[in-house]
Amino acid sequence: VSDRDGNQELYVVNVDGTGLQRLTSHPAADRYPAWVPDGSGIIFFSDRDGPANVYRLNANLADVQLLIGNNGGFPENPVSWSPDGSQLIFASNRDSGDFEIWRADADGSGLVALTANTVDDHDPDWK
């Protein structure tokens, strides 16, 4: 993620620092990318259609689709994928003022809150 072109966009670069390629181009901020486990795309947060929705950029780098809408405020970390790539977890304040941990199927369906309390929950990770 870099704001080198005016706002936060997604970029990819080779491990040796060559081949910088801009992946997104939108006036909104694009943040917290995470590769889809099978390499078929990138999941990221953006406020392009409202506060911090979850989007998927497909491997062809041309198709961006809304995966999970009305996410709330920006979390402090990207989504985390289950080991088999069938589900993802992330932090969101979509239903309250504090951040909770949410789980969804890889296609954005089956959204479930995993925590519900009065303090912020962050940094979910599948281990």
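Biologist: Which residue lies over the face of W102?

Modeller: This is a predicted model. A charge sits over a ring if, for Arg, CZ is within 6 Å of the ring centre and within 35 degrees of the ring normal. At 5.3 Å from the ring centre of W102, the residue over its face is R94.

Biologist: How many aromatic pairs does the structure hold?

Modeller: Two rings pair if their centres lie within 6.5 Å. By that rule, the number of aromatic pairs in the structure is three.

Biologist: Are the rings of Y32 and F45 stacked or edge-to-face?

Modeller: The ring centres of Y32 and F45 are 6.3 Å apart, with the planes at 85°. Planes over 60 degrees apart count as edge-to-face. The pair of Y32 and F45 is therefore edge-to-face.

Biologist: How many residues apart are Y32 and F45?

Modeller: Y32 is in strand β3, residues 30-35. F45 is in strand β4, residues 41-46. The pair links distant parts of the chain, and its separation is 13 residues.

Biologist: Is F45 buried or exposed?

Modeller: Buried means under 20% relative accessible area. Y32, with 25%, is partly exposed. F45 has 1% relative accessibility, so F45 counts as buried.

Biologist: Which residues do ring pairs link into a cluster with Y32?

Modeller: Y32 and F45 form an edge-to-face pair. Ring pairs make a cluster of Y32 with F45 and F90.

Biologist: Are the rings of F44 and Y55 stacked or edge-to-face?

Modeller: The centres of the F44 and Y55 rings are 5.7 Å apart and the planes are at 25°. Planes under 30 degrees apart count as stacked. The pair of F44 and Y55 is therefore stacked.

Biologist: Which residue lies over the face of Y55?

Modeller: The residue is found in the loop between β4 and β5. At 5.5 Å from the ring centre of Y55, the residue over its face is R48.

Biologist: Which side chain does a polar contact of 2.7 Å join to R48?

Modeller: R48 counts as buried, with 18% relative accessibility. Leaving out residues up to four places away in sequence, R48 touches T24, H26, A28, D30, Y55 and V64. The side chain joined to that of R48 by a polar contact of 2.7 Å is D30.

Methods: Residues numbered from 1 in each chain as written. Predicted model: local features only at pLDDT ≥ 70, side-chain atom pairs only at ≥ 80, totals over all residues. Heavy atoms only, no water. Phe/Tyr/Trp six-rings, centres within 6.5 Å; stacked < 30°, edge-to-face > 60°. Helix = DSSP H or I, 4+ residues; strand = E, 2+ residues; numbered from the N terminus. Buried < 20%, exposed > 50% of the residue type's maximum accessible area, 1.4 Å probe, protein only. Polar contact = N/O pair within 3.5 Å; in protein donor to acceptor, adjacent residues only side chain to side chain. Contact = heavy atoms within 4.5 Å.
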